[in-house]
Amino acid sequence: MFNINHSGIELLSVELWREIFDYFDVNDLWYSFRGLNKQIDGIIDQVQLHLNFEKKSNYDYFIKNILPSINVVNIQSLKLRKENKIKHFFSIYSLNSLVQLRLLSLDGIHSFNDNLFTFWNQLSSLKYLQSLKVIFGTNSHPNNDLKEKEFIIRSIFNQDFCPLLTCFIIKNKGNDNLNTELPIRSLIQTTKMININHLSIDNLTFNDLIKLLPALQNTKLFCINDELSCNNKFCTQQTMTVEIPLMFECKKLDLILSDDITFEHIEYILKHTPYLKRLILCSWFHLLDAKKWELLLSVQCSKLLEFELVCNGDDDDNDYGKAGHDFEEECRATTFWIERNAIISYEFYSNDDFYYTIVKFNIGKVSYLQLLTDSYPV
């Protein structure tokens, strides 16, 4: 006989409750359901927790009302923004206690000034981590100590920290002069392929890029969003020889290049990415050479669908003006650029007092079948 003393919600299965709870922010979950009855409390105690403290005001509620009752092992993702919250949270929980963590995002952290790297060494305990984002400093409070950033990069690529990592984003917001001088100390040649398919590093020297390439065979998206610099004394003809491509999986490159990066450096990179579909480059006007780009893209980028080249210069510089004009004339007269509907535009940004010449083409979408065929060549 049906027991009329049971409420309707108590008849729901554990699996259904867990599915319902997946839709709730942890604060809303505790506020709405915690304390209803022992059965629901028991289910909440086992639910996977996704903590997002990048929004305002929800951190204090969590610390006061939720923190004392959670099981740290259930934390699957953690997003923290601002230095005070980051340090406060990790004064309560150690990083190596979050053993089931899949996602970690720390935005606005500053260096701990610890030469033993005690905090960052705990990354070695995060065996299941799949996504790591670390942003040092803020625009208003820059971080000018790069040792910890370099330690993290070496640990991921040379020490097998976080072996399941598929997304790795690391950036330092510091003094501009500091960021442009960034050889990664003691980064050794990588020999082991890792799982990362989305990699974003703010600054890298070309020599360190060469060292990283063997590890990037699974990388689909590679971004350098502040500067890839040459550091000429390390770039020899031997180091720039390509025997076999190492980034077959790479479909998108988004790179900001220093003014000492030449067509030879770009050619070296493109030889490693034969199945590239989207190429975005930002550099100086010495790269405004339509004939060289035609040859380079025709030979090395047969699968390319989208191309964007942004080159800056001073409008008072006659060489800059002539380079842009010549490129535009070549695009109007050359079959390669005409077939791709290349567009050249000019923009001015008052905050840096530079003009930008932008070259774009987008061949258009291809069919799903073609994409599949191109992605997995026979």
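How far from a polar atom of the K127 side chain does the backbone oxygen of S124 lie? The first view below gives the distance. Everything shown here comes from a predicted model, in which local features need pLDDT of at least 70, side-chain atom pairs count only at pLDDT 80 or more, and totals for chains, interfaces and linings use all residues. Residues are numbered from 1 along each chain as its sequence is written, and side-chain values use heavy atoms, with hydrogens and water left out.

**View 1. The surroundings of K127.**
The backbone oxygen of S124 lies 3.1 Å from a polar atom of the K127 side chain; a polar contact is a pair of N or O atoms within 3.5 Å, where, within protein, one must be able to donate a hydrogen and the other to accept it, and residues adjacent in sequence count only if both atoms are side-chain atoms. You will find K127 in the loop between helix 6 (118–121) and strand 4 (131–136). Helices (H or I, at least four residues) and strands (E, at least two) are DSSP runs, numbered from the N terminus. Leaving aside residues up to four places away in sequence, K127 touches P163 and L164, contact meaning heavy atoms within 4.5 Å. Q100 is 27 residues from K127 in sequence, and their C-alpha atoms are 7.9 Å apart. K127 counts as partly exposed because its relative accessibility is 45%; buried means under 20% relative accessible area, exposed over 50%, and partly exposed in between (1.4 Å probe, protein chains only).

**View 2**
Strand 8 (residues 252–257) pairs with strand 9 (residues 278–284) in the parallel sense over five bridges, two strands being paired if DSSP finds at least two bridges between them. Look for K252, whose bridge partner in strand 9 is R278. From strand 8 the chain passes through helix 10 (residues 263–271) to strand 9 in a right-handed β-α-β crossover. Right-handed means that, with the strands pointing away from the viewer, the path from the first strand over the helix to the second runs clockwise. Strand 9 also pairs with strand 10 (residues 306–313), in the parallel sense over seven bridges, and here C282 stands opposite V310 in strand 10. Helix 11 (residues 290–300) carries the chain from strand 9 to strand 10, and this β-α-β crossover is right-handed.

**View 2. A salt bridge between R81 and D107.**
The structure holds 15 salt bridges, each a side-chain nitrogen of Lys or Arg within 4 Å of a carboxyl oxygen of Asp or Glu. In one of them, the closest N and O atoms of R81 and D107 are 3.6 Å apart. R81 lies in strand 2 (residues 75–81) and D107 in strand 3 (residues 103–109), so this pair ties together parts 26 residues apart in sequence. R81 is partly exposed at 34% relative accessibility, while D107 is buried at 14%.

K149 belongs to helix 7 (residues 147–158) and D202 to strand 6 (residues 198–205), so the pair links parts that are 53 residues apart in sequence. Relative accessibility is 1% for K149, which counts as buried, and 0% for D202, also buried.

**View 3. K220 meets E249.**
The side chains of K220 and E249 form a salt bridge (4.0 Å, N to O). K220 is partly exposed at 40% relative accessibility, and E249 is partly exposed at 23%.
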